[in-house]
Amino acid sequence: MAKAPIPRAKMQRIVAEISDTDKRFAKVISESPLCTIGSTPSPESNFQSLVSSVISQQLAVRAAETIHGRLTDLARGQITPLRVAKLTDAQLREIGVSGAKTKTIQGLAQAAITGSVPIDDLQEIPDAEVFELLTSLWGIGPWTVDMFMMFQLHRLDIWPTGDLGVRRGWESIHKLSEEIAPKALDLKGEKFRPYRSVVAWYCWRHLDNLKQSKKK
């Protein structure tokens, strides 16, 4: 069951609270659009979202889109666990899916079919349990699960300190002279509970703002 979109008024209250918690974010928030996490329902099923994430790993956007399109065609128009499970490794390799990603996608399909991962009910499961279920699968790591929980499940308190963009954004916002380690950033994020996903989003957005200003 899809989760209802997060109301704009609620997100406005969240970003106001973040600004009050850390004044350095107030400027970033004022210069950026309102955070879009959870603003609209995801067009993909949970299974489709995870497959898309796996395909996209370490690929340029256009290459990932091409392979995803080929997979959709191969699955007769809809990427579902049953249809993917019927595909052979050779078929997946022929459309550009690597051996490792093939193993991950087929493992995910089997987990969904057997119910070892209740793929369609992940919205109803707590963050920690979702994380444990998905990272137990071969080839699905913490970063993939963090992104899935933020942008597919619309979880507001995910803190992806393993993401380089989040760390670089935090360093720039706080004008740090040295790189911050994930463990150190993990502690810094505690004061933002339960809205750390939104803080991460603005770390990314800050980097985007810097890139855009350099182009002017």
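Predicted model: local features only at pLDDT ≥ 70, side-chain atom pairs only at ≥ 80, totals over all residues.
Good morning. A cavity, as the word is used here, is a set of grid points where a 1.4 Å probe fits but cannot get out.

Rolling a probe the size of a water molecule over the atoms shows where empty space is left. How many cavities of 30 Å³ or more does the count give? The count comes to one. The largest cavity has a volume of about 30 Å³. Its lining is formed by Glu17, Ile18, Thr21, Lys191, Phe192, Arg193 and Tyr195. Sorted by class, three of the lining residues are nonpolar, one is polar and three are charged.

Let us turn to helix α12, which covers residues 196-215. At 1.5 Å a residue, its 20 residues should span 28 Å, and the end C-alpha atoms are 29 Å apart, which agrees. Several residues of α12 are buried, among them Trp201, Tyr202, Cys203 and Trp204. Against which helices do the buried residues of α12 pack? They pack against α1, α2, α9, α10 and α11.

Arg168 lies in helix α10, which runs over residues 164-173. Finally, Gln58 stands 110 residues from Arg168 along the chain, and the C-alpha atoms of the two are separated by 19 Å. Thank you for your attention.

Key. Residues numbered from 1 in each chain as written. Heavy atoms only, no water. Helix = DSSP H or I, 4+ residues; strand = E, 2+ residues; numbered from the N terminus. Expected span 1.5 Å × (residues − 1). Buried < 20%, exposed > 50% of the residue type's maximum accessible area, 1.4 Å probe, protein only. Contact = heavy atoms within 4.5 Å. 1 Å grid on protein atoms, 1.4 Å probe; cavity = no way out; pocket = protein on both sides within 12 Å on 5 of 7 lines; lining within 4 Å. Points joined across faces, edges and corners; volume = space filled by probe spheres on them. Nonpolar A, V, L, I, M, F, W, Y, C, P; charged D, E, K, R; others polar.
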